[in-house]
Amino acid sequence: MTAGSSTSALTIALPPGYRFEYALAFHGRDAQSLAERVEGTRIRKGVLLDGVAVVLDVGIDVDAGVAECLIDTGDTGDSARARSHARARESIGAMLGLRIDPAAFALAVRDDALFAPLVAHRPGLRVIQAATVFEALTWAVIGQQINLPFAIALRRSFIGQAGRAHRSGLWCYPEALDVARLDIEQLTSRKFSRAKAETLLRLARLVADGALDLDFDPTGDPAAGDPAAGDPTAISAHLLAVKGIGPWTVNYALLRGYGYPDCSLHGDVAVRNAIGRLLGNATKPSIGEAEAFLQAYRPHRTMAAAYLWASLDTSAA
């Protein structure tokens, strides 16, 4: 990136055997999306990073084993642009599912009668993440207790209300400060339940005011003196203290936002349905039974959840 330039290029080496279709499917869920576009093996994503409207243009070159990325920060100052470029690199890694290596889970279950066939059917399955932790959290709140098509429509409306247009034509997924400026009627008038709208605004205002710090690095080393590294206990407790956020939302945020490798999604209905099917049962297990089942797959419960979700999708590669 040269001084004054609003666009920079970045090449990311992809792991051997990288399966790009999982990232394309995740980011292409909404064909009408304001903030994402998937064309061939290219993903374009709009997101606000430190107040800067950024478009991440990620082209996956399978033959070369790389992702060729363009980061477009639009018309903004050099210092803000430099900060957003650094954040953008992290976001691209999350969007491509590079934070969790699926090989560790595959090795752990190679002799497992239940999961080994699932891994063989979908080799290299990756946990694709949102571009930011705040995006993952708000998406988890939006999707609570409603079907996926309705959740996707609400998300689209949410981006249109709180996001920001980029010069490329894409909209950028909002940050906490942008959501905090909304009032509750703006959300409830767009089919958000009052409880869901209140939770979104409460969460955004706590983050925007600095009362809730979302900083956590699951790959960090607590021994190095970083209080936000390694163990998710503290960040989980802080999130659970927010009214309207429960264990499922926290675990989903750890999975889709932070890339934590040992999230237990025992409260997820789809995960429970998949466990029941995997065990050959006519009914899904209780939440407690699902939690006990997943305990056997520590410290890889995130990948276990990913394979359980995928097992319900008969069209998945």
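Which residue forms a salt bridge with Asp-178? Select Arg-181: the closest N and O atoms of this pair are 3.6 Å apart. A salt bridge here is a side-chain nitrogen of Lys or Arg within 4 Å of a carboxyl oxygen of Asp or Glu. Asp-178 is buried at 11% relative accessibility, while Arg-181 is exposed at 59%. Buried means under 20% relative accessible area, exposed over 50%, and partly exposed in between (1.4 Å probe, protein chains only).

Some notes before you go on. You are looking at a predicted model, in which local features need pLDDT of at least 70 and side-chain atom pairs count only at pLDDT 80 or more, while totals for chains, interfaces and linings use all residues. Residues are numbered from 1 along each chain as its sequence is written, and side-chain values use heavy atoms, with hydrogens and water left out.

**The whole protein**

Zoom out. The protein has 14 helices and 7 strands; these are DSSP runs numbered from the N terminus, with helices (H or I) of at least four residues and strands (E) of at least two. Along the principal axes, the C-alpha trace spans about 55 × 50 × 45 Å. Of the 317 residues, 51% are buried.

**An enclosed helix**

Next, select residues 133–142, helix α5. Here 10 of the 10 residues are buried, so the helix is largely enclosed by the rest of the structure. Among them are Phe-134, Glu-135 and Trp-139.

Pick Arg-155 and Glu-36, whose side chains meet in one of them (2.6 Å, N to O). This pair links distant parts of the chain, with Arg-155 in helix α6 (residues 148–162) and Glu-36 in strand β2 (residues 36–39), 119 residues apart. Arg-155 is buried at 6% relative accessibility, and Glu-36 is buried at 6%.

Now move to Asp-57 and Arg-42, where the side chains meet at 2.4 Å, N to O, in a salt bridge. Asp-57 sits in strand β4 (residues 52–61) and Arg-42 in strand β3 (residues 42–49), so the pair ties together parts 15 residues apart in sequence. Asp-57 is buried at 14% relative accessibility, whereas Arg-42 is partly exposed at 31%.

**Last stop: a loop**

Finish at Gly-169, in the loop between β6 (164–165) and β7 (171–172). Gly-169 is exposed, at 53% relative accessibility.
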